[in-house]
Amino acid sequence: MAPVTEPFPISNVAGRYLLFDVDVISHVRRNHNICGVLIGTIPNLSQQNVFLGIPLQLMPEEARVLVEQGHAYIFDDAQAHMQGFFGMSRKDRLEFLRMMDERGQQRARDVRRKAEERSEKALREKGLLQARTEQKESEALVAEGDPGTDAGGSLFGSTPQLPANRRVADKKLAPHFITPTTSYPPLAPPSQPSTLALPEVPRQYPIYRYMQSKGYFAMPGLRFGCHYSIYPGDPLRFHSHFLTTGLGWDEEFELLDIVGGGRLGTSVKKTYLIGAEEPEKEEGEEGKVRAFSIEWAGM
Amino acid sequence: MADEDEDASLLWGNNVSEETDLSDETQDFRFLNNLTAHDTGNLSLPKRGEKDFESHATNLQHSMLEASRQAMHGVLSWTRVHGPKQHILGMYHPMSNMAFVTNPKSQHFRTVGRAKGSTQWLLPEEALFLIERGSMDCRWPVKEDEGDDGPIDTQEGVPMSLQGAYAAFLGFEGGVGGKLTQEMYTVYAGLKRSGYIVFRMGTWNYERGELQVPSLENPATKEGNWFLRLFGGIWRRLTQASTEMPAKQLYFGPVVKPGLYRSYSDIYRLLQLTPFHDRMAAPTFILPPDHTNPFRVVFDVYKTDPKFKKSACGPPDFRIAVINARETSMPTAAQLNDLFATTPYDLPKQNMQLYQKLKHGSRNVILAVVDNGIPSYIRIADSPFAEEKLYERSVHQGNKRGKGRGGRGRGKGRGRGR
């Protein structure tokens with residue numbers, strides 16, 4: 001895993017915040033307890049919805065925390081690509097194509113080597129490879145008539161493979177083609193803009209920021225009828241503890257919301273949590289956030 | 001290489017019951033560790049619940065988390081490689097924000113793309129999904145004014161990265177007047193990964209969908225012998241004095257006048273006073289046409305069918321509207337009415353159980369509500385309570401207690417009083 005230098009760029013594609021670099025994705029998970037939502041399809045595992053891949057979609061709240069704390073900056077990815085690819089010079093293009101060609105050739109060689117290793121392993125498991133080397137030795141020694149009578153039958157079965165393998169090695173390999181995950185290269189990574197655009201966040205943002213600052217992980221909570229489902233650690237390892245809804249400080253809400261949230265939370269072994277931010281008392285001072293957990297007491 | 005992942009469906013095995021949805025929770029990527037393109041035969045996906053409640057700062061827990069993270073990192077680093085045999089070469093078309101493939105020789109084109117001559121044109125979501133699943137090698141167009149000799153080969157274009165594909169097919173979409181949003185793509189890709197066949201409904205270039213008028217033939221009256229129907233009608237007319245009660249009469253007289261009644265049904269029919277919406281009547285729109293109205297059907301979804309042909313796909317199995325949970329709240333009655341008006345009149349089958357009939361509804365639609373990349377699917381149906389008259393149920397039908405009536409969707413813990 002390559003180290004990530006901060007601040008790192010966050011792609012803004014049509015108003016959504018996406019990460020494409022696997023190192024950055026691991027970095028925010030480890031160092032900023034931000035896990036986002038993987039929304040992409042994993043190549044070769046594209047017929048299931050349990051494990052998803054790159055890109056990682058960040059909630060606006062997550063992007064906001066990262067930008068506010070100076071870990072990241074937002075850039076307009078569509079604009080960067082439009083400039084980078086529609087105006088690409090012939091020289092840059094051919095250079096990049098040559099580089100991709102090399103990677104494709106390298107890949108083709110790897111694939112062939114793996115295939116050879118596999119067949120060699122399979123042969124060894126059946127005890128044929130040994131027979132093959134014995135055969136070579138016996139050829140060198142110009143034979144004693146019967147080089148192991150028991151292996152003789154299958155030995156004939158494996159002989160046609162040998163010349164075939166050699167023929168592939170001699171031929172120029174058909175190139176493989178690679179679709180890279182990120183656009184760097186050929187583009188240069190976006191530079192940090194002088195003015196930081198903060199992502200727009202919904203009004204429940206304070207409770208998210210508060211829980212994130214305490215080391216909790218958050219996922220979008222619509223499935224559980226709340227704003228965030230809050231995890232005590234990495235969701236890879238832990239179950240979520242809180243179904244969290246952010247409110248306004250003096251906001252009145254329906255008693256039924258407590259019943260609904262509390263019932264649902266208790267039935268899925270989680271706790272319903274509501275929280276709000278106290279209005280700023282002085283200019284520029286961040287308000288205090290208070291949170292309350294609600295559980296069926298089960299008396 | 002791209003098609004070998006079909007084996008992944010085997011992973012489901014028998015240990016995934018209908019009630020648990022594994023995608024509800026973040027699953028441990030370590031289970032994918034041994035999973036390469038060549039070795040998917042004997043693996044099964046993990047059962048849920050193999051996680052800890054909270055951190056207890058032990059080395060064991062740390063090392064397990066570290067292993068999970070490493071596995072995740074490893075899986076996310078897989079690159080998309082196109083072998084020489086399965087190489088689908090596409091070209092991006094900036095004017096329409098679509099892609100085209102001049103040499104479409106793949107199974108994928110049975111369910112995506114539109115043919116124009118020998119070229120297949122891909123809509124943004126189709127192109128993006130093919131790139132994302134590692135099936136298509138898409139290229140950026142080459143600037144023409146560079147003094148190259150002759151026509152430029154597609155292969156001369158720069159390969160489009162996954163990031164580039166998102167930036168183009170979703171980021172440029174607004175610039176060409178396209179309607180595809182990230183939420184719609186999330187739903188599209190999720191359904192495609194589940195194996196459904198998904199197409200856009202219509203062209204998306206309208207302010208609202210078309211009214212779907214029910215055909216005048218009532219399927220209920222089509223059944224049975226004409227002879228029986230005729231005499232049944234005469235008999236009914238003879239026995240029931242007046243099924244229709246003039247509104248004026250209700251002010252004065254009793255609802256059920258003294259007289260001769262031969263069955264309870266006749267009396268019940270007279271007691272039917274509450275007016276209800278006639279579902280056979282032609283629907284009308286309530287709201288003015290508005291192209292920003294999110295409550296519209298965007299995808300036609302078909303179940304997997306090996307004989308599926310995109311030229312003759314027939315009526316879809318499901319209709320899906322995509323809603324962004326962050327921007328849209330529950331639909332109003334008017335919005336629902338207009339949404340239903342664009343879905344066809346789809347009566348439940350006559351032999352269904354009463355509860356299933358009510359659940360199926362006379363018109364229905366699925367709302368895909370997307371909260372930051374996580375879709376939830378909600379089915380909304382127009383339940384025909386007034387058409388399912390309880391007093392008309394024949395006795396022997398009532399005795400037939402179907403198997404499917406047990407699980408009525410009520411919580412299992414009902415009455416436990418937690």
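This is a predicted model: local features need pLDDT of at least 70, side-chain atom pairs count only at pLDDT 80 or more; totals for chains, interfaces and linings use all residues.

Among contacts in chain A between residues at least 6 apart in sequence, what percentage join residues at least 24 apart?

Modeller: Residues are numbered from 1 along each chain as its sequence is written, chains are lettered from A and ligands numbered from 1 in the order in which they are written, and side-chain values use heavy atoms, with hydrogens and water left out.

The figure for chain A is 60%, where contact means heavy atoms within 4.5 Å. Chain A has nine helices and 11 strands; these are DSSP runs numbered from the N terminus, with helices being H or I of at least four residues and strands E of at least two. Of its 299 residues, 47% are buried. Buried means under 20% relative accessible area, exposed over 50%, and partly exposed in between, with a 1.4 Å probe and protein chains only.

Now the rings. Over all chains, the structure holds 21 aromatic pairs. Rings of Phe, Tyr and Trp (its six-membered ring) pair if their centres lie within 6.5 Å; planes under 30 degrees apart count as stacked, over 60 as edge-to-face and the rest as tilted. One of the pairs is F85(A) with W140(B), which is stacked, at 4.4 Å centre to centre and 5° between the planes. This pair crosses between chains: F85(A) belongs to helix α3 (residues 77–86) of chain A, and W140(B) to the loop between β6 (137–139) and α3 (162–171) of chain B. F85(A) has a relative accessible area of 5%, so F85(A) is buried. W140(B) also counts as buried, because its relative accessibility is 1%.

A second pair is made by Y92(B) and F169(B): their planes stand at 80° and their ring centres are 5.3 Å apart, so the pair is edge-to-face. It links distant parts of the chain, with Y92(B) in strand β2 (residues 89–93) and F169(B) in helix α3 of chain B, 77 residues apart. Y92(B) is buried at 1% relative accessibility, and F169(B) is buried at 0%.

The record gives some context for chain B. UniProt, in an unreviewed entry, places the feature "domain: tRNA-splicing endonuclease subunit Sen54 N-terminal" at residues 74–140 of chain B; the positions are given in the numbering used here, feature names are shortened, and annotations may be inferred rather than shown by experiment. That span is 18% helix and 33% strand, and its end C-alpha atoms lie 28 Å apart.

Elsewhere in chain B, T186(B) sits in helix α4 (residues 182–193). T186(B) counts as buried because its relative accessibility is 7%. Leaving aside residues up to four places away in sequence, T186(B) touches V370(B), G373(B) and P375(B).
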